Amino acid sequence: MRSLIIHLSSAGGRTENVSRLLRDLPSAEVVEAVDGNDPAVPAQIKQVAGTLHHPPYPFSLNAAEVGCFMSHRLCWQMIADGDAPYALIAEDDLAIDPVPFANAMKLVAGYADEDSYIRLPAKPRERVVGAIAYEGDAALFVPRTIGLQLVCQIVGRRAARRLLAASEVIDRPVDTTLQMHWVTGQKVHAIMPSGVSEVAGPSTIQRKTRTSDVLMREMRRARYRAQIKRRPQKA
């Protein structure tokens, strides 16, 4: 299985972890991330202000979020154009616990295909319901509400094409877009425990918010997440 590691080399700070991932992931290679602060980036993809899909997204995209979305689209394109039925996409802050990760990879080997999108969550935000299969303690299942963050996932070739078609115009972050299965037409599976976590360090897409705005943002975020939960996936 091919592994694509998204890494912004100019950001620094994660070079050592990328070297570790190149060693630990199968057939791994580095994909240079799109720098959302590059002045040329806005012309490369059409954006609208949170109103493209329902529910509307209550925040504007920042430059780092745009770069992150485009970096994942770059990987999807590589998978869509490739010969393999699926590949692993990792962000450069991925950390691996070998034993549970090996269990997760056995489930991937047994069940992934060209239509698959399988999340390996870094945080236990999805609840295991109606497990399809187990390997050791690891369960493969369809989460009713798809979790956020894209530290590690398996993406099939047809799934990649589907996601590319659904994201020719963007209006919210890539992980938030992937929650909207009714928009993408892509069923999302997850494996937990996944053996995946994040290395310590600041997020490269975290936005700075004035203290006076924090409460209002949290209220908007809570309302938005409640709307997403009203559209659960079906097994």
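Predicted model: local features only at pLDDT ≥ 70, side-chain atom pairs only at ≥ 80, totals over all residues.
Arg 2 sits in a strand, Asn 17 belongs to helix α1, and α3 is a helix of 14 residues.

**Arg 2**
- You will find Arg 2 in strand β1, which covers residues 2–7.
- The side chain of Arg 2 makes a polar contact with the side chain of Glu 29, at 2.8 Å.
- Besides Glu 29, and leaving aside neighbours within four places in sequence, Arg 2 is in contact with Pro 26, Ser 27, Met 78, Ala 87 and Leu 88.
- Gly 195 is 193 residues from Arg 2 along the chain, and their C-alpha atoms are separated by 18 Å.

**Asn 17**
- Helix α1, made up of residues 15–24, holds Asn 17.
- With a relative accessible area of 7%, Asn 17 is buried, because buried means under 20%.
- From Asn 17, the side chain reaches the backbone oxygen of Leu 94 at 2.9 Å.
- Once neighbours within four places in sequence are set aside, the contacts of Asn 17 are Asp 92, Asp 93, Leu 94 and Val 199.

**Helix α3**
- Helix α3 runs over residues 98–111 and reaches 20 Å from its first C-alpha to its last, close to the 20 Å expected at 1.5 Å a residue.
- Buried residues in α3 include Pro 100, Phe 101, Asn 103 and Ala 104, and Met 105, Leu 107 and Val 108 are buried there too.

Methods. Residues numbered from 1 in each chain as written. Heavy atoms only, no water. Helix = DSSP H or I, 4+ residues; strand = E, 2+ residues; numbered from the N terminus. Contact = heavy atoms within 4.5 Å. Polar contact = N/O pair within 3.5 Å; in protein donor to acceptor, adjacent residues only side chain to side chain. Expected span 1.5 Å × (residues − 1). Buried < 20%, exposed > 50% of the residue type's maximum accessible area, 1.4 Å probe, protein only.
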